[in-house]
Amino acid sequence: MTSFSSFEHNRKEQYLEAVPELDSAKASPTPEHSHPAPQSLPTVGQLMRSTSQAIERVYREQIDQRPGSVKCTLLNEKVVVWIEGSMTPLEKLLYQEDEKKAQLLCNTIDKLLYPYLVNAIAQTLGVEVVTLISGTNYANDCTGIIAQLDKCPSVRPSTRKSASQTNRS
């Protein structure tokens with residue numbers, strides 16, 4: 001069974017009010033007028049590793065859960081996150097006894113984690129998160145998250161040639 005939760009950007013303020021230590025200044029990306037030199041920009045791989053680590057930190061610090069793995073992929077203005085081992089022991093136990101109650105608990109956890117995940121992604125990527133959706137598959141103990149960004153993060157251009165560029169040489 002899959003649980004699916006969607007949160008709109010305008011609800012972000014509501015969640016930030018519920019969690020006072022997360023103010024909008026902390027969730028704001030780097031200023032528009034500062035453009036780092038291309039060499040100081042991170043690669044896409046570095047940015048995705050940093051985002052994975054930030055999401056792992058949210059799970060560890062907020063719900064004392066250490067996911068098995070967190071993988072992030074940047075697709076233009078979207079970040080796709082795949083988390084294996086995302087369910088807490090309580091969610092797993094509840095799922096075995098009562099799937100509906102497990103879904104309710106998972107949805108509550110998703111709502112509680114929302115401002116922390118938005119903040120972690122915005123801070124790591126240096127862009128605003130417009131909306132974030134998530135879904136958990138209980139049978140496979142995994143969660144998928146998609147974050148819509150207001151723009152593509154600044155990254156260092158790749159110096160490697162793609163397979164199609166190599167074949168043209």
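Contact here means heavy atoms within 4.5 Å. The model shown in every view is predicted.

**View 1. Helix H3 spans residues 44-63.** At 1.5 Å a residue, the 20 residues of H3 should span 28 Å. Just after H3 comes Asp64, with a positive phi of about 55°.

**View 2. H3 has a buried side.** Its buried residues are Leu47, Met48, Thr51, Ser52, Ala54, Ile55, Val58 and Tyr59. They cover an arc of only 160° around the axis, so they lie on the same side of H3. An α-helix has 3.6 residues a turn, so residues three or four places apart point the same way. The cover over the buried residues of H3 includes strand S2 (69-75), strand S3 (78-84), H5 and strand S5 (142-149).

**View 3. Ser52 sits in helix H3.** Its relative accessible area is 9%. Buried means under 20%, so Ser52 counts as buried. Leaving out residues up to four places away in sequence, Ser52 touches Val70, Lys71 and Cys72.

**View 4. Helix H4 (residues 89-97) meets helix H5 (residues 99-125).** Their axes come within 6 Å and cross at roughly 150°. Angles over 145 degrees count as roughly antiparallel, so H4 is roughly antiparallel to H5. From H4, the residues in contact are Leu90, Glu91, Leu94, Tyr95 and Glu97. From H5, they are Glu99, Lys101, Ala102, Leu105, Cys106 and Ile109. By class, this contact has seven nonpolar, four charged and no polar residues.

Technical notes: Residues are numbered from 1 along each chain as its sequence is written. This is a predicted model: local features need pLDDT of at least 70, side-chain atom pairs count only at pLDDT 80 or more; totals for chains, interfaces and linings use all residues. Side-chain values use heavy atoms; hydrogens and water are left out. Axes are lines fitted to C-alpha atoms, for helices over the stretch in contact, and angles run from 0 to 180 degrees between N-to-C directions. Helices (H or I, at least four residues) and strands (E, at least two) are DSSP runs, numbered from the N terminus. Angles under 35 degrees count as roughly parallel, over 145 as roughly antiparallel, 65 to 115 as roughly perpendicular and the rest as oblique. Ala, Val, Leu, Ile, Met, Phe, Trp, Tyr, Cys and Pro count as nonpolar, Asp, Glu, Lys and Arg as charged, and the others, Gly among them, as polar. The expected span of a helix is 1.5 Å times one less than its number of residues. Buried means under 20% relative accessible area, exposed over 50%, partly exposed in between (1.4 Å probe, protein chains only). The arc is that of the directions from the helix axis to the C-beta atoms.
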